[in-house]
Amino acid sequence: MSINSARIRVSTGSVAPADADDFWRDATRPFFVTEPVGADTPLEGSISALPIGTSLIGETTFNAQKYTRNKIVIAESGLDDQYMIQVVLDGQVSGDAEGVDFVARPGDVTFFDLGRTWTAAAEAEATGRTITLLAPRSLVEAESKGRSLHGTVLRGVPAYVLAQCLQSVVLALPHLDPDAAAGYEDVVASLLRVSLGIAEPDLLPRPDHSLRDRAYAYIAEHLSETWLGPTTMCAALSVSRAQLYRAFASDGGIALVIRRKRLELVYRELTRAEMPNETIEALAQRCGFTSKSQLARAFKDFYGMTPSQARTDGRRTIGDPSISRLHRRLEFFSP
């Protein structure tokens, strides 16, 4: 049986011990700022993953370490339209996802929106292990009926069903060619639908999913327009301000979503290595801000630095938001 050549293997065991901390920080940078729990605890971990359609799935290992997904990492990574779903096999992961406290133990399944911040600590007596799935927000929230699952931990029967099936998918994928493997994304969507359906009474209140889809599409189409805002969106989408707010209540409201999308676009443009030195004023106009000063204030509030500092200090190396680009970046760390 053939082995899928698209498989990624990244491990701190492939580098000298003196280089392991920096290697693991760089390899995990699309997802978090990763740090050891103490000065005497070196970072150890591995990633083994395969693409399935627009998703990526595989097994990760870790020792005790700390994770922070902050605004800069979100903008750098270009993964803000993805969810990270993890089946905890060994060890424990706990933390805070924008006010949602979570603790995940073996057998539990966690959900994190990569467009939002969180902090976590991973604990492991020996080696922690997870099955990790990166999947588009549109796929995940379609199966959750539009609910935000950021910080959600599934337990019991829903987690068991999802965990067992995802492990089976991970075992099968290396023996399939990439085209056949892509078909498993439909299998994963079905698994999410069943498991989240069982857990539905315990999930957060459901927003209007169709409205969220239409709103995101409208924002993407008009992000550079200075007139884009709640009032114009209500008129374009034929909804009330209350309906629009409820659909994005878990995100802090639609105005914050627009502002975040614009600032993340600015950050990505400022820190692209191949980006010419466009003036901040021109970039502000291109990204929907009314002036250079408006952009500068918003950017400093959001990222804690000026646009000029980001351009000087933060040339991005991660690439565009597609899973295929992420796959190619992780391949860079493969032996």
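Student: Leaving aside neighbours within four places in sequence, which residues is Leu192 in contact with?
Tutor: Those residues are Ile85, Phe111, Leu139, Val140, Glu143, Leu162 and Gly197. Contact here means heavy atoms within 4.5 Å. This is a predicted model, in which local features need pLDDT of at least 70, side-chain atom pairs count only at pLDDT 80 or more, and totals for chains, interfaces and linings use all residues. Residues are numbered from 1 along each chain as its sequence is written, and side-chain values use heavy atoms, with hydrogens and water left out.

Student: Which residues touch the most other members of the largest nonpolar core?
Tutor: Ile57, Phe111, Val140 and Leu192 do, in a core of 31 residues. A nonpolar core is a set of buried Ala, Val, Leu, Ile, Met, Phe, Trp, Tyr and Cys residues joined through side-chain atoms within 4.5 Å. Buried means under 20% relative accessible area, exposed over 50%, and partly exposed in between, with a 1.4 Å probe and protein chains only.

Student: And which elements give two or more residues to this core?
Tutor: Strands E3 (45-52), E6 (82-90), E9 (109-113) and E11 (128-136), plus helices H3 (137-143), H4 (156-172) and H6 (184-199). Helices (H or I, at least four residues) and strands (E, at least two) are DSSP runs, numbered from the N terminus. Another core of 30 residues lies apart from this one, and Val88, Val93, Ala97 and Val153 are among its members.

Student: Switching to aromatics, how many pairs are there in the whole structure?
Tutor: A search finds ten. Rings of Phe, Tyr and Trp (its six-membered ring) pair if their centres lie within 6.5 Å; planes under 30 degrees apart count as stacked, over 60 as edge-to-face and the rest as tilted. Phe32 and Tyr67 make a tilted pair, 4.5 Å centre to centre with 35° between the planes.

Student: Where do Phe32 and Tyr67 sit?
Tutor: Phe32 is in the loop between helix H1 (20-28) and strand E2 (33-36), while Tyr67 is in strand E5 (residues 65-69), 35 residues apart. Phe32 is buried at 9% relative accessible area, and Tyr67 is buried at 10%.

Student: Why do Tyr267 and Phe299 count as stacked?
Tutor: Because their ring centres are 6.3 Å apart and their planes are at 10°. Tyr267 lies in helix H10 (residues 254-271) and Phe299 in helix H12 (residues 292-303). Tyr267 is buried at 2% relative accessible area, as is Phe299 at 0%.

Student: How many residues of H10 are buried?
Tutor: 14 of its 18.

Student: Now salt bridges. Which residue does Lys261 meet in one?
Tutor: Asp80, at 2.9 Å, N to O. A salt bridge is a side-chain nitrogen of Lys or Arg within 4 Å of a carboxyl oxygen of Asp or Glu. Asp80 lies in the loop between helix H2 (71-77) and E6 and Lys261 in helix H10, so the bridge ties together parts 181 residues apart in sequence.

Student: Buried or exposed, that pair?
Tutor: Asp80 and Lys261 are both buried.

Student: What about Arg260 and Glu264?
Tutor: Their side chains meet in a salt bridge of 3.4 Å, N to O. The two residues are four apart in helix H10, about one helical turn. Arg260 is buried at 11% relative accessible area and Glu264 at 1%.

Student: And which residues are linked with Asp22 in a network of salt bridges?
Tutor: Arg25 and Glu35. Asp22 and Arg25 meet at 3.1 Å, N to O, and both lie in helix H1, three residues apart.
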